[in-house]
Amino acid sequence: MSELAKRRWKLLADILSQRRCCVRSDLLDVSVRRFSSFNLLKPEKVSNSELMRAKCGSSRTAENASSRHTWYRYTCEVIPDYALLIRHLDDSLDLEDLLGFNHTGNVCVWPSEEILTYYCIKHNYLFSGKSVCELGGGMTCLAGISLAVHSSASRILLTDGNHHSVSNLFEIIEMNKHLCKEKQLEARVLRWNENYEDLVNQFDWIICADCLFFEEFQTDLLKTMVQLLKPDGQVLIFAPSRGSTMDQFVNLVNASRSFTVLLNAMQYDDSVWKLHKENLKKGSEFYDECLHYPRLLHLSKEVRQSV
């Protein structure tokens, strides 16, 4: 057994035996997350005193400022006016998390979410006056909350299937809502294998990042997109190829005849492409295009003509 495999089994054994453990920094590289960011967005840890000043008058946020979770100020050198406060959950896992609904969004902000956020803010004119839903946004829904602060979207719904993630989203909304220009901003648990009658045909845009890797959920994801979007709605997906999972989803989309594929691209932004090329030079031990580089899939909902 390789040393890497031994360390993965050790991590799992710790969780099973103790029912809870902290994922130490020296264990982070036992997963494919050896590459963690394109560094387009810069998170800087925020102190409790800064948090109090940032949101004076919010007793709920002040009460949670001293919790074990950590707040960061996100900025972007390429987009100078971009800034907001985001809370990360602590880096511990327990048995319930492993056996329950997908926990991957509570681990970190994945590269695909970073690129989705960057792309949406850079092209925020697309969402002016529009309603937007982020699906499977994990503990931050970073792209969705960024649009709430840095676009003229009329409504933003942040969603994930994990209740820990959604509880964190409420805190992030509370911290940033004074920046949201009175737009409608919500968060809720949303699982793709369930129906949501109150959300049918409600959204102009759906955005999501790295939501295709569980092949068994792809059909449910597609049905959710069809259900939530308005007749002329559009979808932006950023996800790595991960073997054939992206291609399988594209085939599913084409077979459903529910959407037109407007764009299925590897190269969609000069800055991102340049960073991708630079990372490739570092070798596959650090950066694997199949696992780490997000492709862009842009879909438009088909308008069905009644007979």
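Predicted model: local features only at pLDDT ≥ 70, side-chain atom pairs only at ≥ 80, totals over all residues.

Student: In the open sheet of 7 strands, which strands stand at the edges?
Tutor: The order across the sheet is β8-β7-β6-β9-β10-β12-β11, with mixed pairing. A strand at the edge has a single partner, so one of its sides is left without a neighbour in the sheet. From one strand to the next the twist averages 15°. The edge strands are β8 (184-189) and β11 (259-265).

Student: Which residue in β10 stands opposite W205?
Tutor: Start with the two strands: β9 covers residues 203-209 and β10 covers residues 229-239. They pair in the parallel sense over 6 bridges. Look across from W205 into β10 and you land on Q234.

Student: What angle does the direction of helix α5 make with that of β10?
Tutor: Helix α5 takes in residues 111-122 and packs on the sheet. Its contacts there are with β6 (131-134), β9, β10 and β12 (295-301). Against the direction of β10, the angle is about 130°.

Student: And helix α9, at what angle does that run to β12?
Tutor: Helix α9 is made of residues 245-256. It lies across β10, β11 and β12. To β12, the angle is about 10°.

Student: Which residue in β4 is the bridge partner of W71?
Tutor: Strand β3 (residues 70-75) is joined to β2 (residues 42-45) by 4 bridges, running antiparallel, and E44 stands opposite R73 there. β3 also pairs with β4 (residues 83-88), again in the antiparallel sense, over 6 bridges. In β4, the partner of W71 is R87.

Student: Is helix α6 largely enclosed or left open by the rest of the structure?
Tutor: Count along residues 142-150: 9 of the 9 are buried. Among them are L142, I145, V149 and H150. With every one of the 9 buried, α6 is therefore largely enclosed.

Student: The side chain of S131 reaches the backbone oxygen of which residue?
Tutor: S131 is found in strand β6. Its relative accessibility is 4%, so S131 counts as buried. Beyond four places away in sequence, S131 touches residues including S154, R155, F203 and K230. At 3.0 Å, its side chain reaches the backbone oxygen of Q202.

Student: Which cysteine sulfur is nearest to that of C208?
Tutor: A search of the whole structure turns up 0 disulfides. A disulfide needs sulfur atoms within 2.5 Å, and for C208 the nearest cysteine sulfur is 4.5 Å away. That sulfur belongs to C211.

Student: Are C180 and C208 buried or exposed?
Tutor: The cut-off for buried is under 20% relative accessible area. C180 comes in at 2%, while C208 is at 0%. Both values are under the cut-off, so C180 and C208 count as buried.

Terms used
Residues numbered from 1 in each chain as written. Heavy atoms only, no water. Pairing = 2+ DSSP bridges. Axes fitted to C-alpha atoms, helices over the stretch in contact; angles between N-to-C directions. Contact = heavy atoms within 4.5 Å. Buried < 20%, exposed > 50% of the residue type's maximum accessible area, 1.4 Å probe, protein only. Polar contact = N/O pair within 3.5 Å; in protein donor to acceptor, adjacent residues only side chain to side chain.
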